[in-house]
Amino acid sequence: MTTIIDGKQVAASVIDAVKAAARNLEQEAGVKTGLAVVIVGDDPASHAYVSSKSRMAKECGFASIQHTLPEETTQEELAALVQTLNADETVHGILVQLPLPKHLNSEPIIQSILPEKDVDGLHVVNAGKLATGDLDGGLISCTPAGSMVLVRGVHGEDLSGLNAVVIGRSNLFGKPMGALLLNANATVTMAHSRTKDLAAVCRNADILVAAVGRPQMVKADWVKPGATVIDVGINRVPAPDKGEGKSRLVGDVAYEECAKIAGAITPVPGGVGPMTIAMLMANTAIAAYRKSGRKAPKF
C-alpha cells in the first residue's frame with residue numbers, strides 16, 4: 001500500500017512545537033518572538049499568502065507586524081524599511097513577500113536583510129552555510145526544510161545508501177534541497193531540463209523530488225517501485241469537468257498513476273505546501289532563541 005504523506009498533519013505538529021517553544025522563551029527569558037512581514041503592491045495571491053503567514057504567526061504567539069506598502073514604493077523606501085527592521089531588537093524575523101512589483105529589484109533587498117533575521121533562508125550567507133553543511137549556524141529555506149521533514153518522516157534521519165534525485169536546480173528550492181539530502185548522507189543527483197534521458201535518471205531514485213513547475217511531468221514509468229516521491233510543484237490547469245473556466249491545482253507529478261507505483265507520495269494540494277509556512281514559523285522561533293543566547297530547538 002502506498003503511503004499518502006499528509007503535509008497538513010505534519011505541519012500541524014511542527015506548529016505545535018513552535019507554539020511551545022515561543023511560550024517557553026517568553027516565560028523563561030521574557031522574549032516575545034517577533035516576525036515582520038513586508039508586502040508591496042496589491043497582487044491578490046501575495047496578499048493571500050501574507051495574511052495566512054501573519055495569521056499563523058499570531059496563532060504561534062508571535063508579535064506579528066505587517067507593513068503594507070503601496071505599488072509605487074521606491075527601491076530606496078523599501079531598503080530604508082528593511083534597515084529599520086534590521087535595527088529593531090523586537091523583530092527576530094523579516095520576510096519580504098516576493099514577487100515585488102516589476103520596477104523593484106528584489107535581490108539587493110533580500111541581501112540587505114540581516115542573515116540572522118532572514119527567515120526565508122535566501123541570504124547568500126544562509127545559502128553558503130547550508131552548502132558547507134553548517135545546518136545549525138544558518139536559517140534554511142522554508143520549502144526545502146519542510147520537504148526534508150517529510151522525507152525524514154518516511155526514512156528517518158540517516159539516508160545512507162539511498163539514491164536521491166532532485167529535478168530542478170533553482171536557488172530557491174533545488175540547490176538547497178540537494179544540499180539537505182547530501183547532508184543526510186543520501187547519494188544525490190541534481191537533474192534539470194538539460195539532463196539527458198531524465199526518465200532513466202529518475203528511475204534510479206529511492207527518493208524523487210520534483211520541483212520544475214511543469215504540470216504532471218513525472219509519469220509512472222519514471223518512478224522506481226516503492227520510491228518516495230516529493231512533489232513540490234503547484235500548477236493551475238484547466239478543469240472543464242468542474243464547469244466552464246474552472247481550474248484545479250496539480251503538481252509536477254502525475255499523481256494518480258505515480259501513486260500506484262510509489263511507496264510514499266505527497267499530494268498536491270496538502271503535501272509540501274502546508275510545510276512551507278510551518279518552517280517559516282520554525283525559523284522565526286530559531287532566530288529568536290539564537291538572539292536571546294539560548295540553544296535553538298530542533299523542529
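Analyst: Gln216 is partly exposed, with a relative accessible area of 28%; buried would be under 20%, exposed over 50%, and partly exposed lies in between, with a 1.4 Å probe and protein chains only. Gln216 is not a glycine, yet its phi is positive, about 50 degrees. It sits in the loop between strand E7 (207-210) and strand E8 (228-231). Strands (E, at least two residues) and helices (H or I, at least four) are DSSP runs numbered from the N terminus.

The model is predicted: local features need pLDDT of at least 70 and side-chain atom pairs count only at pLDDT 80 or more, while totals for chains, interfaces and linings use all residues. Residues are numbered from 1 along each chain as its sequence is written, and side-chain values use heavy atoms, with hydrogens and water left out.

Another non-glycine residue with positive phi is Asn185, at near 75 degrees. Asn185 belongs to the loop between helix H7 (174-183) and strand E6 (187-191), and it is partly exposed at 43% relative accessible area.

The UniProt record, an unreviewed entry, annotates residues 141-290 as "domain: Tetrahydrofolate dehydrogenase/cyclohydrolase NAD(P)-binding". Its positions are given in the numbering used here, feature names are shortened, and annotations may be inferred rather than shown by experiment. Over residues 141-290 the chain is 34% helix and 19% strand, with the end C-alpha atoms 17 Å apart.

Loops also hold cis peptide bonds. One joins Val268 and Pro269, with omega about -5 degrees; Pro269 is in the loop between strand E11 (264-265) and helix H10 (273-291). Another joins Leu98 and Pro99, with omega about 0 degrees, and Pro99 is in the loop between strand E4 (93-96) and helix H4 (106-112).

E4 and H10 come up again at the largest pocket. That pocket has about 1300 Å³ of space, and of its 40 lining residues Tyr49, Thr143, Val232, Ile234 and Thr276 lie nearest the centre. Helix H2 (44-59), E4, helix H6 (142-155) and H10 each give two or more residues to this lining. By class the lining has 22 nonpolar, 13 polar and five charged residues; Ala, Val, Leu, Ile, Met, Phe, Trp, Tyr, Cys and Pro count as nonpolar, Asp, Glu, Lys and Arg as charged, and the others, Gly among them, as polar.

A pocket here is an open set of points on a 1 Å grid over the protein atoms alone, where a 1.4 Å probe fits, with protein on both sides within 12 Å along at least five of seven lines; lining residues have an atom within 4 Å of a point. Its volume is the space filled by probe spheres set on the points, which are joined across faces, edges and corners.

The second largest pocket has a volume of about 610 Å³. Its lining has 23 residues, and Leu135, Asp136, Ile140, Lys298 and Phe299 are the closest to its centre. H10 provides the largest share of this lining, five residues, and H6, H7 and H10 each supply at least two. The classes are 14 nonpolar, three polar and six charged.

E4 is also part of an open, parallel three-stranded sheet in the order E3-E2-E4. Strand E3 (63-69) and E4 stand at the edges with a single partner strand each, so one side of each has no neighbour in the sheet. Strands pair if DSSP finds at least two bridges between them. Strand E2 (residues 34-40) and E3 are joined by seven bridges, and Ala36 stands opposite Ile65 in E3.
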